[in-house]
Amino acid sequence: MLHEPANKIVTDNAAAKKSKLGVILFFVYTLIYSGFVIIGLFKPELMGLKLLGGQNIAIIYGLGLIILAIVMGFIYNYFCTRMEDRLNKTN
Amino acid sequence: MIYEVSKLAVIIFLFIVGLVLGLSFYFARKTKSSASYYAAGGKIHWAVNGIAFAGDYLSAASFLGICGMIAFSGYDGFLYSIGYLAGWVVALFLVAEPLRRLGKYTFADALDSKFNAKSIKLTASISTLIVSLFYLIPQMVGAGDLVVPLLGLPHWIGVLIVGSIVIFIVATAGMTSTTYVQFIKGALLVIFSTTLTIYILRNGLKLTPSDDYHKFDKIEAFVSPDNIVSVPDSNLIVKTTQVVDKLLFVKLEKNGESGWYMLNRKENKAFLDEMLYTTVNSGGEILYNGAPKSERKFYQVGHLSRIVVDGKEVDETGPVGPFEFIKTIESSDVTRFTKKSFSDGEDKVTVWYQNVTSGADIMKPGLLYKLSKAAGATFWNKLNFLSLMLALFLGTSALPHILIRYYTVPSQRAARKSTIVAISAIGFFYILTLFMGLGSMINGVLDVESSNMAGPLLAKSFGIGLFSIISAIAFATVLGTVSGLIIASSGAIAHDFIDNYLQVEMTDKGKVRAGKIAALSVGIFAIILGILFKGMNVSFLVGLAFAVAASANLPAILFLLFWKKTTAKGISASIIVGILSSIGIILFSPTMYELYGLIPQNAPIPLDNPGIVSIPLAVITLVVVSLMTQKDNASKDFNK
């Protein structure tokens, strides 16, 4: 005997498009994250350079990565919700 | 270190624990079916679920571990914040919605939804259990660390209290009460971390952290050309000297009492600087700065040795803004206390010497993870850094206790929205860790024996009320995360293994009972592990749990979602290889050697973070085994 899922699953016509957008955003973020790791590995002295307002690259890049993740999350949600509303109308 | 216990702290602590238990009683009456036990009936609002995600994820490692690591090693601790958050990007963009589409209660369900293969049920339930146990260790260690200053109880009692309360929460009401416990704790943690940060910024930077901060002895000394140390003060006698890693430690005797100092040379002058030290004599007795613990000779440390604002040296800055705070530390010098150990006759001596570190070095990676040639970074140092950043990035979306939270909301859209609420709350909190960590570093609050207590002890310096609230929240933090982990483990045993793999016939009530018994067993096991691993930095331990999760689970999830040729055997093989290789590397790593009491340099694998080897290994296994077993897939019709 198998369980029923905790909720009924509804067909989602936007799934493929959302997944494509997700993959693109994932690669954009991965690229920027890799940049941080690569500087740390090969040019660690760059991390100490002052960039803006007396803050060094390590601080700006690090805080930037955190803020970017939040901003990209909102962008992703905005487009996904639009796609769902458009493609799942008939349901 | 010895701590005073305050009544207020105990009252606030009991209040929060009471609140949590009350909630569990309330929801226990509503939990009758297995769907409500494992997935809260799928009825949690997305915003509540989002904050509960934060409560689940921001474990003892984040609050206690990261703050402590930043307080002792500067920016390198912040690397964990960056990596932990980046992991959510993987969870949101790749894993959240598809997994919600595939699964029922657990991550094993989702993996298995396509194949219905026994091998996946078994391996996925084992990996869930192992990852959850790895993650449980640091939570329990952190809980023990917390009750020492809060309630004045020994470490093991703390572990026992947390274990018992959590078993109670989970066994009574399952996922619903766990969710609300995590929601409350997540919200409180973010609110009070913000409060603490405001206190830090208003307090500003000062050369003397507080009026009762220890004044360090500095004794004039002479060093002969052949490195013999002598002191002009005739009351002092140089008993012995020790050279450890090019540092010269000196034991001085005054009126029959002895103490350890470090030689510090500046231009033509030489000084002996006071240190903190413990000695363990042949009888196993531990002395703190030469006296038993109860005499309280051990003090809290960490201060700025020079403050520079706009090129001028000052004694204090007054209130500062967040960017000014970071900028000022970067141009100033901080005295950190660095640990060294050596033997003196039959005594084992551990010293923490004053290590004046420039702010510029603190504000970039390198103090813990050596990266530059100037610091003597080796290939293995760099690989460790890469490995850590990889495991943190890929680990989050492979943590079973996080994954199960996708099944507690009503729809995919709700799963996505709650993930975004989670990312925002968690991201904001991680930015605060930088301030809380640096604040602890410079405000004379550090207990050199336990890096995990930096945050709460900092709160204590701003008042016992704030300390009590922060500690109680930290304790609730542990409760929330441990409950989530135990739910995940009990799901792995009762739902994935007994019900799905062994296919034991059970009524729905029987399934809930099996889940509760599993929760009890895992809870007891976690208590034992928590006592055994006392004294390790909890963030480091969680880093290892991430590495195991990223190696065992993530390749399986991602390939299942994005590669059509993946087979059941490929998934099971990759889970097994991921578990074995990551744990194998951990067991033979330098850090574990130190824990065993062996010499770290003798460890056969000079790598502390296994991800860089074990993750690719799991991926290769999955691809090779899948390609070899393509026939299995050909006989199945996946289009239905």
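Domain bounds in this structure come from an automatic or database domain assignment. The model is a predicted one. On that basis, chain B is divided into domain 1 (30-203 + 390-634) and domain 2 (218-380). Taken over C-alpha atoms, the centres of domain 1 and domain 2 of chain B are separated by 36 Å.

The two domains of chain B touch. Domain 1 of chain B places 23 residues in contact with 24 residues of domain 2 of chain B. On the domain 1 side, at least two residues each come from helix H4 (60-73), helix H5 (75-102), helix H8 (155-203), helix H13 (412-442) and strand S13 (443-446) of chain B. H13(B) supplies the largest share of that side, with five residues. By class, the side of domain 1 of chain B that touches domain 2 of chain B has 15 nonpolar, five polar and three charged residues.

Chain B also holds a sheet. Strands of a sheet pair through backbone hydrogen bonds, either parallel or antiparallel. In chain B, six strands form an open sheet in the order S2-S1-S6-S5-S4-S3, and the pairing is antiparallel. Strand S2 (229-230) and strand S3 (236-244) of chain B stand at the edges. Each has a single partner strand, so one side of each is left without a neighbour in the sheet. Strand S4 (residues 247-254) and strand S5 (residues 257-266) of chain B pair over six bridges, in the antiparallel sense. Within this part of the sheet, B:Val250 stands opposite B:Tyr261, a residue of S5(B).

Helix packing was examined next. Two packed helices are described by the angle between their axes and the distance between the axes. Helix H11 (residues 379-395) and helix H21 (residues 611-628) of chain B have axes that come within 8 Å and cross at roughly 50°. From H11(B), the residues B:Leu383, B:Leu386, B:Ser387, B:Leu390, B:Ala391 and B:Leu394 take part. They meet B:Gly611, B:Ile612 and B:Ile615 in H21(B). This contact of H11(B) with H21(B) comprises seven nonpolar residues, two polar residues and no charged residues.

B:Leu466 is found in helix H15 (residues 464-501) of chain B. B:Leu466 counts as partly exposed because it has 18 C-beta neighbours inside 10 Å, whereas a buried residue needs 20 or more. Leaving aside neighbours within four places in sequence, B:Leu466 is in contact with B:Leu196 and B:Ala459. B:Leu21 lies 445 residues from B:Leu466 along the chain, and the C-alpha atoms of the two are separated by 23 Å.

Chain A has two helices and two strands. Along the sequence, chain A follows the pattern α-β-β-α. Of the 91 residues in chain A, 29% are buried. Among contacts in chain A with a separation of 6 or more, 62% are between residues 24 or more positions apart.

Finally, the two chains meet. The contact takes 40 residues from chain A and 49 residues from chain B. On the side of chain A that touches chain B, the elements giving two or more residues are helix H1 (15-42), strand S2 (55-56) and helix H2 (57-87) of chain A. H2(A) gives the most to this side, with 15 residues. By class, the side of chain A that touches chain B has 23 nonpolar, 13 polar and four charged residues.

Terms used
Residues numbered from 1 in each chain as written. Chains lettered and ligands numbered in written order. Predicted model: local features only at pLDDT ≥ 70, side-chain atom pairs only at ≥ 80, totals over all residues. Contact = placed C-beta atoms within 7 Å. Helix = DSSP H or I, 4+ residues; strand = E, 2+ residues; numbered from the N terminus. Nonpolar A, V, L, I, M, F, W, Y, C, P; charged D, E, K, R; others polar. Axes fitted to C-alpha atoms, helices over the stretch in contact; angles between N-to-C directions. Buried ≥ 20, exposed ≤ 12 C-beta atoms within 10 Å, placed from the backbone. Pairing = 2+ DSSP bridges.
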